[in-house]
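Welcome! Take a look at the sequence and structure below, then read on for a short tour.

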Amino acid sequence: MGELINENRIYIKDISKEYKDEFGFKVSLLKNITLSLEIDKVTSIIAPEGSGKTSLLKIIAGIDNPTGGGINYHHHFKNICIPTISSSFPWMTVVENIKFARPDISGENLNAILELIGLDGYENHIPNNKSTGFRYRISLGRALAANPDFIILDEPFLNMDIETKEECYQLTRDIFLQKNIPFVLGTNNITEAVFLSDKIYLMKKNPGEIIDFVDNTLPKNRNLNSITSSQFNEIRVSIEETFKMKESYKSLNFSI
Amino acid sequence: MHKSSCINNKFKFAFTSVVSFLFIYVMIFEFIIPGTSFLPSFTTLVYSLPSLWKEYDFFNRFLLTYTVVYLSLFLGFLVLYLKRIFIIKFYYVFPEFINLPNLLKYFPAFFFAILFTYWFQQNILAEYAYGFLYVVWLLSYSLMSSVPSVPQEFIDSAKTMGKTYNEIIAQIIWKHSLPKVFKRLEDSHYLLWVIVLIYEFIAETNGLGLIYKKALNYNDISVVLDLAVILSFVMLFGKMVLSAIKKRFVFWES
């Protein structure tokens, strides 16, 4: 165990989450979840809908508590969560949204973030009624301003159209490579997970349990063309087969 | 359709309705059935305007009612703003509080006007307090009932950024609830005019409600109608100003 805890990873050990349903019966949502999040990797958790992904990500982000198990780390990690509905605040401009995370940020640091998320020139725009991609970029900028150790993404691409999704996939991967900030992605979309991640955990539902993991062998510096490669397809098929064997194949998403 | 053009159309429609109503009134009571005792002719209405101004002391009474309505709105909103953290925390401690209006649903609205009159007679300050308390109650209730609709994602995002409970309330929950609170403020503006007029009618304080009472006692239906037309334009203008403030300062949607 000691060797599993070092300054380069968060080790999640035997996490369980239980709750009582409306009749008072105990329901197990997450059961003995064990995984490690490394600071030089994008880690994905693929799971069907209703398997407890959001609860698990909230526990990792430190905004919910498990009923069993715990998180072991060498030093305290600052994890920023970007939820499914990109939570850029519609009463703040782009800059005010970013400053919400770090009020003292300005000048070069602020401009660097705006440039990185592709919103330079949009400083005073307000995200009210703007596209999901625009709001995702703001959420990403705000997370970056907070100087996080990990950025946790809880299905942020769910409500985007295909073109916006593709742009946001590439943006996320590019930010990971440029800034060396690791991401943890919860998703039910296999293509998304394989493109974005270096390590993929497979989780089944009822209760949520890790059934396997895959080390992604795609090159680190990848672009959207790699989605059509045979290597990509092999990884995707092996993930599908694993889910089929565990009868958790339904409600997974196979398209972009 | 663009939101601002929707608002403009709404006011155009309201203005056109009032003008159309006046036109129909003129046609019926001036030309088709003049001299009926049912409603006075348009000429009679115009001739009774000087009497409304002088004998009924319109200006001073208008000033009092107008001040009660808009000062109540302003101070009510100010108190809501200053006490927003307390009100939202109160909701989290007593969430069942928002069901209270269900108990009061069948309670006659003028009861409180009678109660205030019984306690304070014709005290002007009591009238201000009456309007102010009504606005504070209405806005506080509106704020509390909009708290459950704040997306959990907003709160979770703020939590992960290390924001405190009070910061989340002031910067997220309050801001997210503001469009609904302001909508309630706009909607209740008309209601506030009505309940203040009812109060003045019952308590016989020196406002426009007293003009209604006197005009009714003197069987002066022309003044009652003159006042109704003037007030409809004043309320319409008030609503336009409130909408403009909302458009300028509370531009987002909940």
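## The fold of chain B

Helices (H or I, at least four residues) and strands (E, at least two) are DSSP runs, numbered from the N terminus. In this predicted model, chain B has twelve helices and zero strands, so its pattern along the sequence reads α-α-α-α-α-α-α-α-α-α-α-α. The C-alpha trace of chain B spans about 75 × 50 × 30 Å along its principal axes.

Of the 254 residues in chain B, 42% are buried, meaning under 20% relative accessible area with a 1.4 Å probe, protein chains only. Now for contacts, which are heavy atoms within 4.5 Å. Among contacts in chain B with a separation of 6 or more, 78% join residues 24 or more positions apart.

## Where chains A and B meet

Here 19 residues of chain A are in contact with 17 residues of chain B. Buried area is the accessible area (1.4 Å probe) that two parts lose on being put together, summed over both. Between chain A and chain B it comes to about 1800 Å², with carbon and sulfur atoms giving 70%. On the chain A side, A:Ile63, A:Trp91 and A:Phe100 lose the most area to chain B, together 40% of what that side buries.

The two chains also share one salt bridge, that is, a side-chain nitrogen of Lys or Arg within 4 Å of a carboxyl oxygen of Asp or Glu. The partners are B:Asp156 and A:Lys58, whose closest N and O atoms are 3.0 Å apart.

## How to read the numbers

Residues are numbered from 1 along each chain as its sequence is written, and chains are lettered from A and ligands numbered from 1 in the order in which they are written. Local features need pLDDT of at least 70, side-chain atom pairs count only at pLDDT 80 or more, and totals for chains, interfaces and linings use all residues, while side-chain values use heavy atoms, leaving out hydrogens and water.

Note on methods:
Buried < 20%, exposed > 50% of the residue type's maximum accessible area, 1.4 Å probe, protein only.
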